[in-house]
Amino acid sequence: MSIENVEHGSRCAADCGFGASSDGIDCLPDGDGCGMAFLLEADESEFHDRYMVEATKAFNAILNMMPEDPKGRKPSFIHTRMGTMLAWVDHNANECEHQVTHESDDLKIAEVLGIRNFGAKGAIQAS
Ligand SMILES: [Zn+2]
């Protein structure tokens, strides 16, 4: 079996954090809730059948169609207790001035990120 090595950035494949404000989102090296937006491709199995394999390929194909960001940010998954959101994140920021992190209150996170639905938690609508 060969494992494809994909360049996703030094520390940011899955385990960085985020600091957000309405001005932007920076990566936090010691945090949780942020990672480069791509899905791991895996062999077909009991829990990752051909539908999962095809869906993974399709998701990654869409993510690969994203244009380069002029500010150098990368498409990223922001994981919150409410669900996961796609966002441009600066993974090269030296300092993060944004105070809202995955540990912040759900309403604060929703407000700063502009989240309009709390789908994973039910029918709460933020708008
Ligand atoms: Zn990062």
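Modeller: One definition to begin with: two strands pair if DSSP finds at least two bridges between them. Keep in mind that this is a predicted model.

Biologist: In what order do the elements of the protein run from the N terminus on?

Modeller: The protein has two helices and five strands. Read from the N terminus on, the order is β-β-β-α-β-β-α.

Biologist: In which sense do strands β4 and β5 pair, and over how many bridges?

Modeller: β4 covers residues 74-80 and β5 covers residues 83-89. They form a hairpin with two residues between them. Their pairing is antiparallel, over seven bridges.

Biologist: Which residue in β5 is the bridge partner of I78?

Modeller: I78 belongs to the covered face of β4, with K74, S76 and T80. P75 is on the uncovered face and stands opposite W88 in β5. For I78, the partner in β5 is M85.

Biologist: Which residue in β4 is the bridge partner of M36?

Modeller: β4 also pairs with β3 (residues 33-36), antiparallel over three bridges. M36 bridges to a residue of β4's covered face. That partner is S76.

Biologist: Which residues make up the largest nonpolar core?

Modeller: In soluble globular proteins, nonpolar side chains tend to be buried together. Here the largest such core has 10 residues. The members are C16, F18, A20, I25, C27, L28, C34, I78, V89 and C96.

Biologist: Which residues does C34 touch, leaving out those up to four places away in sequence?

Modeller: C34 is itself a core member. Its contacts include core residues such as C16 and I78.

Biologist: How far apart are the end C-alpha atoms of helix α1?

Modeller: α1 has 15 residues, 50-64. At 1.5 Å a residue, the helix should span 21 Å. The model agrees, because its end C-alpha atoms are apart by 21 Å.

Biologist: Does α1 lie largely in the open or under cover, and how many of its residues are buried?

Modeller: Burial needs 20 or more other C-beta atoms within 10 Å of a residue's own. None of the 15 residues of α1 is buried, so the helix lies largely in the open. The number buried is zero.

Terms used. Residues are numbered from 1 along each chain as its sequence is written. This is a predicted model: local features need pLDDT of at least 70, side-chain atom pairs count only at pLDDT 80 or more; totals for chains, interfaces and linings use all residues. A nonpolar core is a set of buried Ala, Val, Leu, Ile, Met, Phe, Trp, Tyr and Cys residues joined through C-beta atoms within 7 Å. A residue is buried if 20 or more other C-beta atoms lie within 10 Å of its own, exposed if 12 or fewer, and partly exposed in between; C-beta atoms are placed from the backbone. Two residues are in contact if their C-beta atoms, placed from the backbone, lie within 7 Å. Helices (H or I, at least four residues) and strands (E, at least two) are DSSP runs, numbered from the N terminus. The expected span of a helix is 1.5 Å times one less than its number of residues.
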